[in-house]
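The sequence and the structure are shown below.

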Amino acid sequence: MATRTHYRACNLCEAICGLVIEADGDRILSIRGDREDPLSRGHICPKAVALQDIQNDPDRLKRPMRRQGKEWQEISWNEAFDQTAQGLKGVQERHGRDSVAVYAGNPTVHSYGSLLYGPAFVRTLGTRSRFSATSVDQLPHQFVAHQMFGHQLLLPIPDLDRTDFLLILGANPLASNGSLMTAPDVKKRLQAIRRSDGEIVVVDPRRTETAKLANHHFFIRPGADALFLAALLHTLFTEGLTDLGHLEAHTAGLDSLQDWVSAFPPQRVAGATGIDAEDIRQLAQRFAAADSAACYGRLGVSVHEFGSLCQWLITALNLVTGNLDSRGGAMFTLPAVDLVGAGRSRGHYGRWSSRVRDLPEFAGELPVAVLAEEMLTEGPGQIKALVTSAGNPVLSTPNGRQLEGALEGLEFMVSVDLYLNETTRHADLILPPTPPLERDHYDLAFHALSIRNTAKYSPPLFEPAEDARHDWQIFYALQQRLENKVSPLTRVRRHFLERRGPSTLLDHALRRGPRGSGFRPFGKGLTLKRLKEQVHGVDFGFLEPCLPQRLATKSRKIELAPEVLLKDRDRLGDFLEARSTSPQSEQGPFLLIGRRQVRSNNSWMHNYPRLMRGKARCTLLIHPQDAENLGLGGGESAKVTSRTGSIVVPVEVSDEVMPGVVSLPHGWGHSRPETRLQVASKRPGASLNDITDEHRVDPLCGNAALTGVPVDIERMPQAGAVRTPLTEPPRQQSGTETISG
Ligand SMILES: Nc1nc2c(c(=O)[nH]1)N[C@H]1C(S)=C(S)[C@@H](COP(=O)(O)OP(=O)(O)OC[C@H]3O[C@@H](n4cnc5c(=O)[nH]c(N)nc54)[C@H](O)[C@@H]3O)O[C@H]1N2
Ligand SMILES: Nc1nc2c(c(=O)[nH]1)N[C@H]1C(S)=C(S)[C@@H](COP(=O)(O)OP(=O)(O)OC[C@H]3O[C@@H](n4cnc5c(=O)[nH]c(N)nc54)[C@H](O)[C@@H]3O)O[C@H]1N2
Ligand code: SF4
Ligand SMILES: [Mo]
């Protein structure tokens, strides 16, 4: 067969790099970066090549499977759909609608078929027990956008290519390739800021790859960012450095914000943050003086006890210095499929709350930190069945050991997933969808979170394997089996739209979108057909100012001082008090933080040999002084213990982390039995989330506080015996007394 050249976007992370793939029949000859992609300009990372490893992995599931005890048996799709529908219906009949829970994991947002068809399936279930990876990730961003701008997806994105001053908190784009900031080739873009005499400042408890590229790096004690941000704002107000620019007349609550931050002058927070008062003042002055500036805070200030306050204060900092919605500042996208326009959910908050711990819903979801207790606590509304899709919550949500135990007690569980892994091994049925190269792709989510407005459509490279199903087909089939009645209107819509698959829906959305042709026969503008002709993607240019027009608040103003956030001041004050009166002791407790590595992708890409070469990566970074105090040497093993349990991991001594802080990557822990991950299970590592704590949350929105976990560290006897990290059960029963099972 002749060699083919195929263009697509990589869907593995948020950078959506353009790829050029040469293939011969069903064999891939090469995967390279597409230099003509207007966004990624040729950049790729080592994971791009793993697309073919996913395709060819002998462990990847291709047929539905049913579990009988410890054995798995392949069954037909029809049997699988019937049995799934039966299982879910049965549980709902016995225990009510909310007894079936749904968890959608991260790759959901990287698959437009899932995004377009998953919600209808979930609506058909009619359950309020809805969970996703959002609440171990970006929930505070959405919550704050909803509070301030009236829409959960009006998210400010740093105008990276035009900024003069970039202040980064709790993000390491050099390893993560950027998040809520689709910016492929971020390294070159950051270098360009420096070359044009711009300034980059990184605030992070670890001197990260990104920090090494910055002009300045400040170590901050984990969890103290809201204090630091409040002190920056304090300086701006007291020194008269605020100027809201074009948004002055469209902002409400400036005085309340000023009053709020008055409690946190730099000299008061210096001890708790670990950053000098004078440094804080100077940083505020330089930020205000820059021609343009953007403050950007990501996971490290989001999976955080004060995640909501952090995202609020970051946006406030951008706004009061005239940098919100302004060139070189933090701006809003206008993608070809607009997620913010008419008909999309703006989000809602606190309409109901979780049964056991009373944490609020946001946009119809409950925080995943309550998932296990909702399964374990008896009473009306108890969760008895679970559907997971594209998620591995046993490794990715806090206190994974507790969740694992809870899954064992379920009456029914089904997983839509490519693998038999740490989570899906608990399912009764696994429904595996097609892998990325067998389906088409359009990035609904990440075009909307990008530093440039672009659009790109990727056709499938390969025909789906025989008898394979796409994610959307799985959801569609299940939805139809679960439905009782279908309205005539739905029947018509289905006939013309839904049953044809996501590309028909995409064409409609593009036509209706801000750059679309509409439905006129000779309309100019975008259609799917025209987009397909542009194999490298279409460039619509830099982000553009769009406020106040796009504001969705009732007042039509930016709400700079939302009540729920103002009310959280006392909690921050108490934290400041506690930090100021009990400074870090030399023996701990240490504060545990996470770490991303280029060749990992959360929990699921450790089964590809070429990404696993080299030395073991699941290591605990510890400062040389702390290591010495504990008598720990590099390569030795340490036992790390939190409220929820212990893990044993090899140690790497490094002054990259600040004293009192230790760092461990998440997504490892592949030594669980009865998975089908031949490569990953040979070098399993330990799961960070065995020792994160489901009780540590940001109470405003319920996001898990995965960073800054207090832990004790103990040297393990050096018998050379502890080669592979092992995990131990909790030293005490976690949770409340109501927990059974
Ligand atoms: N290679 C790779 N890329 C990925 C992923 C992956 O697993 N691997 N995951 C993808 C996903 S799902 C996401 S959401 C993004 C995340 O992308 P990023 O937000 O860039 O994530 P991290 O690299 O975890 O960066 C978080 C940083 O916060 C720091 N930190 C921890 N605690 C604190 C604190 O209290 N204060 C401050 N100021 N900093 C703190 C950590 O040291 C770390 O450097 O990455 C995506 N890209
Ligand atoms: N301690 C700690 N915990 C964290 C984080 C951290 O920094 N520290 N990061 C958090 C973040 S940002 C995130 S986003 C979450 C991620 O949490 P999850 O989404 O729960 O976990 P993943 O590891 O991304 O698991 C993805 C699953 O999807 C499957 N999969 C891959 N592609 C597809 C597909 O196309 N279709 C289907 N149906 N399945 C697919 C994989 O086999 C895997 O089982 O983890 C969070 N957990
Ligand atoms: S940076 Fe992300 S999108 Fe780009 S090649 Fe790597 S995994 Fe794919
Ligand atoms: Mo994430």
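## The second largest cavity

Which residues lie nearest the centre of the second largest cavity? In this predicted model, they are His 141, Pro 156, Gln 311, Ile 314 and Thr 315, which belong to a lining of 16 residues. Two or more lining residues come from each of helix 4 (139-149), strand 13 (294-297) and helix 12 (307-320).

The volume of the second largest cavity is about 200 Å³, and the count of cavities of 30 Å³ or more comes to 7. Sorted by class, the lining of the second largest cavity holds 11 nonpolar and 5 polar residues, with no charged residues.

## The loop between strands 23 and 24

The loop between strand 23 (538-542) and strand 24 (558-559) contains Pro 548, and the peptide bond that leads from Leu 547 to Pro 548 is cis, with omega near 5°.

Arg 556 is also found in the loop between strand 23 and strand 24, and this residue has a positive phi of about 60° although it is not a glycine. Is Arg 556 buried or partly exposed? Arg 556 counts as partly exposed, because its relative accessible area is 49% and the class of exposed residues begins over 50%.

## A positive phi at Ala 363

Ala 363, although not a glycine, has a positive phi of about 50°, and its place is in the loop between strand 16 (360-362) and helix 13 (371-376). With a relative accessibility of 23%, Ala 363 is partly exposed, since buried means under 20%.

Technical notes:
Residues numbered from 1 in each chain as written. Chains lettered and ligands numbered in written order. Predicted model: local features only at pLDDT ≥ 70, side-chain atom pairs only at ≥ 80, totals over all residues. Heavy atoms only, no water. 1 Å grid on protein atoms, 1.4 Å probe; cavity = no way out; pocket = protein on both sides within 12 Å on 5 of 7 lines; lining within 4 Å. Points joined across faces, edges and corners; volume = space filled by probe spheres on them. Helix = DSSP H or I, 4+ residues; strand = E, 2+ residues; numbered from the N terminus. Nonpolar A, V, L, I, M, F, W, Y, C, P; charged D, E, K, R; others polar. Buried < 20%, exposed > 50% of the residue type's maximum accessible area, 1.4 Å probe, protein only.
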